[in-house]
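Have the sequence and the 3D view handy as you read.

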Amino acid sequence: MPPIPSSEITPEALFWNRRRFIQTALAGAALTLPGCAATSPVTTATPAPDAPAAPTAPAGAGKVTGTSDELGQPLTEFAAVTGYNNYYEFTTDKQAVAATAANFVASPWSVQVDGLVAKPRQFALEDILKLGNEERIYRLRCVEGWSMVIPWSGFSLNKLLALVEPTSAAKYVRFETLNDSSRMPGQKEPWYTWPYAEGLRLDEAMHDLTLIATGVYGNPLPAQNGAPLRLAVPWKYGFKSIKAIVRITLTDTQPTSLWMAAAPDEYGFYANVNPRVDHPRWSQADERRIGESGRRETLMFNGYDKQVASLYTGMDLRKFY
Ligand SMILES: Nc1nc2c(c(=O)[nH]1)N[C@H]1C(S)=C(S)[C@@H](COP(=O)(O)O)O[C@H]1N2
Ligand SMILES: [Mo]
């Protein structure tokens, strides 16, 4: 059973396809974006009071030690974490990503780490996996206005960057997803500047919270969550947490992400979660936690302000959205 009854979902992809169609008709090839639509109320059914308690290890999940994040907020259920996804390389239908990506083969895999580094290197996945397998429970806040609490496993990106020795000229890190439309059919969709790309400032990339996730819910990452490895940057909107990374490049210029290229008025480079800076088309003041009814307040830096606010001292956070 899908974790989220489809009857309760505004079909965002349909909305956007219709909007694109209208825009195409009106304005030739000038298209605007999606990424994100704000309005779908998403809830899971509330179990009857006498229903049996959910099993601690849901079918399909591996071993996870924690049951909540550091704020005491419980893990989002396994079925939602692995069944309600954003991954435009496969489909814009969140509940169809898992099925559409089911046959994606993520091995062999390697990651090129290059640019302004003393020791550029191509890492085989096997070597990357040796860098660590810590459990990290992070909130994920999508710019669309929904959120989850997800038990990732992996290691801090700074461990990988240390191996290539960034030079003093390196100021930013650019990440790129696999570019292969025979394996990722959504890349045939012409509206985006494939491959998906993202970027961080070097100090953001070196922050201990910035995770290379190689697993979720005690299992290796399934395709829909970004197999075999992806970023998890918990204080930024979810689109920064790029999936299926094949290349990491140190650079002296601010990278342009896929979303910045698609809609520069809507998606900035920093994309720090900020309840006081609304998206041009919807409020960011609150969010729907998947599995809960009602909405909860969005926290500054997604609740990681103590850890990361100092990265942005002196910056106008409104301007630098
Ligand atoms: N390559 C790639 N990475 C991506 C996306 C995508 O479409 N393609 N979607 C982003 C968005 S908008 C979100 S909210 C998160 C969702 O991660 P999840 O499906 O594991 O919850 O992945 C991000 N990483
Ligand atoms: Mo997102």
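## Ground rules

This is a predicted model, where local features need pLDDT of at least 70, side-chain atom pairs count only at pLDDT 80 or more, and totals for chains, interfaces and linings use all residues. Residues are numbered from 1 along each chain as its sequence is written, chains are lettered from A and ligands numbered from 1 in the order in which they are written, and side-chain values use heavy atoms, with hydrogens and water left out.

## Glu-287

Start in strand E11, residues 286-289, where you'll find Glu-287 (strands, E, at least two residues, and helices, H or I, at least four, are DSSP runs numbered from the N terminus). Glu-287 has 2% relative accessibility, so it counts as buried (under 20% relative accessible area, with exposed over 50% and partly exposed in between; 1.4 Å probe, protein chains only).

Its side chain makes a polar contact with the side chain of Thr-298, at 2.6 Å (a pair of N or O atoms within 3.5 Å; within protein, one must be able to donate a hydrogen and the other to accept it, and residues adjacent in sequence count only if both atoms are side-chain atoms).

## Helix H5

Helix H5 spans residues 157-164, and its buried residues are Leu-157, Asn-158, Leu-160, Leu-161 and Val-164. They sit on the same side of H5 because they cover an arc of only 155 degrees around the axis (taken from the directions from the helix axis to the C-beta atoms).

## Gly-215

Gly-215 belongs to strand E7, residues 211-216, and is buried at a relative accessible area of 1%. Its C-alpha atom is 9.3 Å from that of Gly-226, 11 residues apart along the chain.
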